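Biologist: Hey, could you walk me through this one? I'm new to it.

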Amino acid sequence: MKKFTALTLAVLMMLTMLAACGGNAGTATTAATTTTAATTTTAATTTTAATTTAAATATTAAPVEDDVTINLAGMSGPTTMGLVKLLSDASEEEINFTLAGSADEITPKLIQGEFDLAAVPSNLASVLYNNTEGAIQVLAANTMGVVYILEVGDTVQSFEDLKGKTIYATGKGSVPEYALRYLLTQNGIDPDKDVTFEWKSQPAEVVAMFQEGTATVAMLPQPFVTVASTQVEGLRVAINLNEAWEALDNGSALITGVLVGRREFVEAHPEVVAEFLARYEESIAFANENVEEAATLVEEYGIVKAAVAKKALPHCNLRYIDGSDLQTALTGFLNVLFEQNPKAVGGKLPDAGFFYGV
């Protein structure tokens, strides 16, 4: 018991190295709810159990196997948007779904076995694998890069144009910062000499600085990009970090969100997991192809308001990847993070046992 408690505490301490791609929109909007991406990734020094609130909901569907209930968790934000169709009509499964405000509401319950599957930031998946001796593994990717460089004006068309600029952003010491630093370096920009970073704790602060005219260039995640575009005149997307990463064509991918599972549950119920993943892939495709209906479901499950989701979904880069393709793409991405800060992935790169079905 002491060993398990120590293990749980170790993982929670590791969460302090993670930060969500999103945050609380605060006064920036009443239409958006607390979100994490990304990215993203998430940072918190304390862990609270996910409780039943207006931001939490439950879904029940018919089971694939008798007496099997999938206890599923997701965070408010893009990493959960791809689940909504599955949750709404998965007539052959039984799912108990909890929506949490941040990953530290999910992590302890996942480790303790209260959740079986969860949609979380990709680097958190690596941290959990390394710090539970392989008890948590990654099943599929669900979200690519959701972070964008925004500008009021028309001077930034490429990374080269960021030279001499001040970039206002959230996500210091986490995936958004590491991804941007990597992309700047790959495009010939020294992130320590050629640009200046002004880090803020919440996206709402960045939006407010745009409104005040203090900021002209910033890095923000979806859905806050959508929120900001409705509140800041002349704001535009200058650089799509996901597209910039893909342009490198180096075998890796900017994977910010994944689905993880408890190995014990996955191995005990292979048919249930296989069926769930098949429907999950279809659900993500639905969210991309039927934006208006998906946006309605996004609001129904308490993630963000439908009006915001309708504009944000086409830019959330929802994508299902599994198997060897996921192993190649995610390993490359985690290596980028590891080279900048080993603690961001749990101290070491995960081995092949991290990947389901490989």
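Modeller: Let's go through the sheets, the helices on them, the cores and then some ring pairs. Keep in mind that this is a predicted model.

Biologist: In which sense do strand 4 and strand 11 pair?

Modeller: Strand 4 (residues 136-143) and strand 11 pair in the antiparallel sense, over two bridges. Thr143 stands opposite Leu318 in strand 11.

Biologist: While we're on helix 5, is Ser122 buried or exposed?

Modeller: Ser122, which is in helix 5, counts as buried because its relative accessibility is 0%. Ser122 and Thr256 are 134 residues apart in sequence, yet their C-alphas are 5.2 Å apart in space.

Biologist: Switching to the sheet of five strands: what's the order there?

Modeller: The order is 7-6-8-5-9, again an open sheet with mixed pairing. Strand 7 (196-199) and strand 9 (235-240) each have a single partner strand, so one side of each is left without a neighbour in the sheet. From one strand to the next, the twist averages 30 degrees.

Biologist: How many bridges join strand 5 to strand 9?

Modeller: Five bridges join strand 5 (residues 147-152) to strand 9, and the two run antiparallel. Tyr148 stands opposite Asn240 in strand 9. As for helices, helix 9 packs on this sheet, touching strand 5, strand 8 and strand 9. Helix 7 (residues 203-212) lies across strand 5, strand 6 (166-169), strand 8 (217-221) and strand 9.

Biologist: And the nonpolar core, which residues touch the most other members in the largest one?

Modeller: Leu162 and Leu330 do, out of 61 residues in that core. Leaving out residues up to four places away in sequence, Leu162 touches several residues, including Ile149, Val156, Leu184 and Ile239. There's also a second, separate core of 43 residues, with Val273, Val304, Leu318 and Tyr320 among them.

Biologist: Last topic, rings. How many aromatic pairs are there?

Modeller: The count comes to seven aromatic pairs. In one of them, the rings of Tyr129 and Phe354 have centres 5.2 Å apart and planes at 55 degrees, so that pair is tilted. Tyr129 lies in helix 5 (residues 122-131) and Phe354 in the segment after helix 14 (323-340), so the pair ties together parts that are 225 residues apart in sequence. Both Tyr129 and Phe354 are buried.

Biologist: How are the rings of Trp245 and Phe333 placed?

Modeller: Their centres are 5.5 Å apart and the planes are at 70 degrees, so the pair is edge-to-face. Trp245 is in helix 9 (residues 241-248) and Phe333 in helix 14, so here the linked parts are 88 residues apart in sequence.

Biologist: Which residue has its charged end over Phe286?

Modeller: Lys85, whose charged end sits over the ring of Phe286, 4.6 Å from its centre.

Key:
Residues numbered from 1 in each chain as written. Predicted model: local features only at pLDDT ≥ 70, side-chain atom pairs only at ≥ 80, totals over all residues. Heavy atoms only, no water. Phe/Tyr/Trp six-rings, centres within 6.5 Å; stacked < 30°, edge-to-face > 60°. Helix = DSSP H or I, 4+ residues; strand = E, 2+ residues; numbered from the N terminus. Buried < 20%, exposed > 50% of the residue type's maximum accessible area, 1.4 Å probe, protein only. Lys NZ or Arg CZ within 6 Å of the ring centre and 35° of its normal. Core = buried A, V, L, I, M, F, W, Y, C linked by side-chain atoms within 4.5 Å. Contact = heavy atoms within 4.5 Å. Pairing = 2+ DSSP bridges. Axes fitted to C-alpha atoms, helices over the stretch in contact; angles between N-to-C directions.
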